[in-house]
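Here is a report on one protein model, written for someone who is new to reading structures. Please have a look at the sequence and the 3D view before you read on.

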Amino acid sequence: MSVTSILQIFAGVGILVYGIIIMGESLQVIAGDRLRKLTGSLTGTPIKGLLVGTVVTGILQSSSATTVMVVSFVDAGFMTLTQAIGVILGANIGTTVTAQLIAFKITNIAYLCAIIGAGICILSTRKRNKQVGIGLLGFGLLFIGMEMMQGPMAFLKTRPDLITVFGDHIFLAFLSGLLITLFVQSSSATVGLTMAIAAQGVIPLETSIAVIFGDNIGTTITAVIASLGANRSAKQAAASHVLIKILGTVVMLSILPLYADFIRMTASDISRQVANAHTIFNVVI
C-alpha cells in the first residue's frame with residue numbers, strides 16, 4: 001500500500017468527519033434556540049424524551065451534541081435525570097441516520113449537493129442562505145469522504161491477512177471500534193470506515209458488528225467530558241449514557257451469531273447490513 005493511498009484514506013476520514021460537523025452545525029444555526037427550548041420543554045415523560053432525542057439528533061446529525069445539551073440541562077436543573085435518560089436513548093437512535101444515509105451510495109447526487117452548497121456559500125449574502133449552503137456542502141462531503149476511503153481500501157482484497165486477524169478475535173475488533181471512536185470523536189465516522197472496509201469483502205459481518213459495538217461505547221466519552229465540571233445529577237446522566245451502551249453491548253455480544261443472522265435478513269448489501277446493525281442495536285437497547 002502506497003503512502004498516497006494511506007493519505008487518501010486519512011483524507012477520506014477527515015472529509016467525512018468534517019462533513020458531519022459542518023452539516024450538524026449549520027442545522028443547529030438554522031434551527032436556532034427554538035430547538036434547544038423544545039428539547040427542554042417537550043421531555044415531560046421518558047417516552048416523549050425518547051422521541052425528542054431521536055428527532056433532534058436526526059436533525060443535528062450528532063448524538064454528542066444532543067447528550068452534551070442534555071447534560072447541561074440537567075446541570076442547570078431544567079431537566080430531571082429520568083427525562084435525560086429518555087432523551088439520551090433517543091439520541092442513540094437518531095445518530096444512526098448518518099450511517100443509513102451513507103449506505104444509499106448516491107455519490108453523483110452528493111457531488112451535485114457539494115457544488116450547489118459551495119455555490120450558495122460563495123454567492124449568497126444572507127447568513128441563513130449561507131447556512132443552507134453549508135448544510136448541503138456537508139451532506140455532499142459525507143459521500144465524497146466515503147468514496148475516497150473505499151478506493152485505496154480495494155487493495156485489502158489482495159491482502160486479507162491484514163484485516164482477517166479480527167475474524168477470529170471479536171474482542172480485538174470491538175476494541176478497535178472503541179479506540180478509533182475515542183480518537184476521531186465521531187461514531188458516524190467509525191461506522192462509515194467500517195462500511196468501507198466491509199464493502200471490500202475481507203471481514204465478515206460478525207466482525208463489522210463487533211466494531212460497531214465498540215464504536216457505540218466510544219462515542220459516550222463526549223458526554224463524560226462535558227459532565228466533569230457539572231453537578232451530581234449531570235454526572236449521573238453521563239454515567240447512564242455509558243452504562244446503557246455497555247450493558248447493551250454485553251447482551252448483544254453474547255448472542256452475536258444470532259444477531260448477525262438476523263441482520264443478514266434485513267439486506268443483501270453488506271454496507272446496508274452494517275448500517276442496519278448500528279440502527280437496530282440502538283433501537284433494541
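Arginine 264 is partly exposed, with a relative accessible area of 35%. On this scale, buried means under 20% relative accessible area, exposed means over 50%, and partly exposed is what lies in between (1.4 Å probe, protein chains only). What you are looking at is a predicted model, where local features need pLDDT of at least 70, side-chain atom pairs count only at pLDDT 80 or more, and totals for chains, interfaces and linings use all residues. Residues are numbered from 1 along each chain as its sequence is written, and side-chain values use heavy atoms, with hydrogens and water left out.

**The charged partners of arginine 264**

Which residues form salt bridges with arginine 264? One partner is glutamate 206, with 2.9 Å between the closest N and O atoms. Glutamate 206 lies in helix H11 and arginine 264 in helix H14 (residues 256–264), so this pair ties together parts that are 58 residues apart in sequence. Another partner is aspartate 261, where the closest N and O atoms are 3.0 Å apart. Arginine 264 and aspartate 261 are three residues apart in helix H14, which means that about one helical turn separates them. An α-helix has 3.6 residues a turn, so residues three or four places apart point the same way. Aspartate 261 is partly exposed too, at 42% relative accessibility. Through shared partners, the salt bridges join Glu206, Asp261 and Arg264 into one network. A salt bridge here is a side-chain nitrogen of Lys or Arg within 4 Å of a carboxyl oxygen of Asp or Glu, and the count by this rule comes to two.

**The overall picture**

Now zoom out. The secondary structure comes to 15 helices and zero strands. Helices (H or I, at least four residues) and strands (E, at least two) are DSSP runs, numbered from the N terminus. The protein has 285 residues, and 50% of them count as buried. Contact means heavy atoms within 4.5 Å. Among the contacts with a separation of 6 or more, 78% come from residues 24 or more positions apart.

**Two helices side by side**

The expected span is 1.5 Å times one less than the number of residues in the helix.

| Helix | Length | First to last C-alpha | Expected span |
|---|---|---|---|
| H11 (residues 205–218) | 14 residues | 20 Å | 20 Å |
| H15 (residues 270–284) | 15 residues | 20 Å | 21 Å |

How many residues of H11 are buried? The count is 13 of 14, so H11 is largely enclosed by the rest of the structure. H15 is mostly covered, with 11 of its 15 residues buried. Including Val274, Ala277 and Phe281, these buried residues of H15 pack against H5, helix H6 (97–102), helix H10 (187–198), H11, H13 and H14.

**How helices cross H13**

Helix H13 (residues 232–254) meets helix H5 (residues 81–94), their axes coming within 10 Å and crossing at roughly 40°. That makes H5 oblique to H13. Axes are lines fitted to C-alpha atoms, for helices over the stretch in contact, and angles run from 0 to 180 degrees between N-to-C directions. Angles under 35 degrees count as roughly parallel, over 145 as roughly antiparallel, 65 to 115 as roughly perpendicular and the rest as oblique. H5 passes H13 in a right-handed crossing. A crossing is right-handed if the near helix is turned clockwise from the far one by less than a right angle, and left-handed if anticlockwise. Residues of H5 in this meeting include Leu81, Ile85 and Ile88, and those of H13 include Ala237, His241 and Ile244.

The axes of H11 and H13 come within 9 Å and cross at roughly 170°. That makes H11 roughly antiparallel to H13, and the crossing is left-handed. Here Phe213, Asn216 and Ile217 in H11 meet Lys245, Ile246, Thr249, Met252 and Leu253 in H13.

**Two loop residues**

Is threonine 220 buried or exposed? Threonine 220 is buried, with a relative accessible area of 4%. Threonine 220 sits in the loop between H11 and helix H12 (221–227), and it touches His241, Val242 and Lys245, not counting residues up to four places away in sequence.

Histidine 169 belongs to the loop between helix H8 (127–153) and helix H9 (170–184). Histidine 169 is partly exposed at 40% relative accessibility. Its C-alpha atom is 9.7 Å from that of alanine 210, a residue 41 residues apart from it along the chain.
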